[in-house]
Amino acid sequence: MSSLLYIFLLFAVFISHRGATTEAAVEPVKDINGKPLLAGYNYYILPVVRGRGGGLTMSNFKNETCPRSVIQDQFEVSQGLPVKFSPYDKSRIVRVSTDQNIKFSPTSIWELANFDETTSQWFISTCGVEGNPGQKTVGNWFKIDEFENDYKIRFCPTVCNFCKVICRDVGVFVQDGKRRLALSEVPLKVMFKKAY
């Protein structure tokens, strides 16, 4: 066997093995019943730690239409509003550390809002655009990562190879009694419950 053919075969084996390893390493995100989250289905995003509020929903601040803020409901018993996940690669299964659009409805897609100078916060709002991964939509993509045997939501989009982005966890910032989602050093630990 010629050395050039041998090198080619080794490279082919390396590539195929690397692809299989990468695919296996990207685990599905699981709901509270241990089932994989499916794209296009409704789920509640609930806090793992109880006693500080309920599920995630949209704000009803005065004079706020679009964008509306993503908040944690102040009532612990509330499940909030259901969301749907849309992976950037149109996968049927929602996977860990993969870019997703998160939406309350077709017109209420999560996005990273402009920096708020009065609070020095990057808030999460609901005036994003679904799909079309790239530079113009880079603020509309979020990841779900494993965190202490549960999950957290993270803003660190990789849908644009040359864009400079902030990579931070999504946590809660309390403002005027409202628990607003914002980029944070302290992530909100979450779990997912299928909405029937």
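In which loop does Asn-149 lie? In this predicted model, Asn-149 is placed in the loop between strand E8 (143–147) and E9, where its phi is near 65°, a positive value in a residue other than glycine. Most residues other than glycine have a negative phi. Asn-149 counts as exposed because its relative accessibility is 82%, and the cut-off for that class is over 50%. A positive phi, of about 60°, is also found at Ser-120, which is not a glycine either; Ser-120 belongs to the loop between strand E6 (111–112) and strand E7 (124–125).

The largest nonpolar core comprises 28 residues, of which Ile-45, Phe-85, Trp-110, Ile-124 and Phe-192 touch the most other members. Two or more residues are given to this core by each of strand E1 (43–47), strand E2 (56–58), strand E9 (150–155), strand E11 (178–184) and strand E12 (190–194), and the largest share, three residues, comes from E9. When neighbours within four places in sequence are left aside, the contacts of Phe-192 include Val-29, Ile-32, Leu-37, Ile-45, Phe-85 and Ile-144, together with Lys-30 and Asp-31 as well as Tyr-44 and Tyr-151. A second, separate core has five residues, among them Val-138, Trp-141, Val-159 and Cys-163. In soluble globular proteins, nonpolar side chains tend to be buried together.

Strand E1 is largely enclosed by the rest of the structure, because five of its five residues are buried. This burial applies to both faces of E1, with Tyr-43, Ile-45 and Pro-47 on one side and Tyr-44 and Leu-46 on the other. E1 pairs with E12 in the antiparallel sense over five bridges, and within these two strands Pro-47 stands opposite Val-190 of E12.

Two disulfides are present in the structure. In the disulfide formed by Cys-156 and Cys-167, the sulfur atoms are 1.9 Å apart, and the link is right-handed, with 60° about the S-S bond. Both cysteines are located in the loop between E9 and strand E10 (168–175), eleven residues apart. Cys-156 is buried, with a relative accessible area of 15%, whereas Cys-167, at 35% relative accessibility, counts as partly exposed. The disulfide that joins Cys-160 to Cys-163 has an S to S distance of 2.0 Å, and the torsion about its S-S bond is about 70°, so this disulfide is right-handed. Cys-160 is buried, with a relative accessible area of 8%, while Cys-163 is included in the second, separate core described above.

Conventions. Residues numbered from 1 in each chain as written. Predicted model: local features only at pLDDT ≥ 70, side-chain atom pairs only at ≥ 80, totals over all residues. Heavy atoms only, no water. Core = buried A, V, L, I, M, F, W, Y, C linked by side-chain atoms within 4.5 Å. Buried < 20%, exposed > 50% of the residue type's maximum accessible area, 1.4 Å probe, protein only. Helix = DSSP H or I, 4+ residues; strand = E, 2+ residues; numbered from the N terminus. Contact = heavy atoms within 4.5 Å. Pairing = 2+ DSSP bridges. Disulfide = S-S within 2.5 Å.
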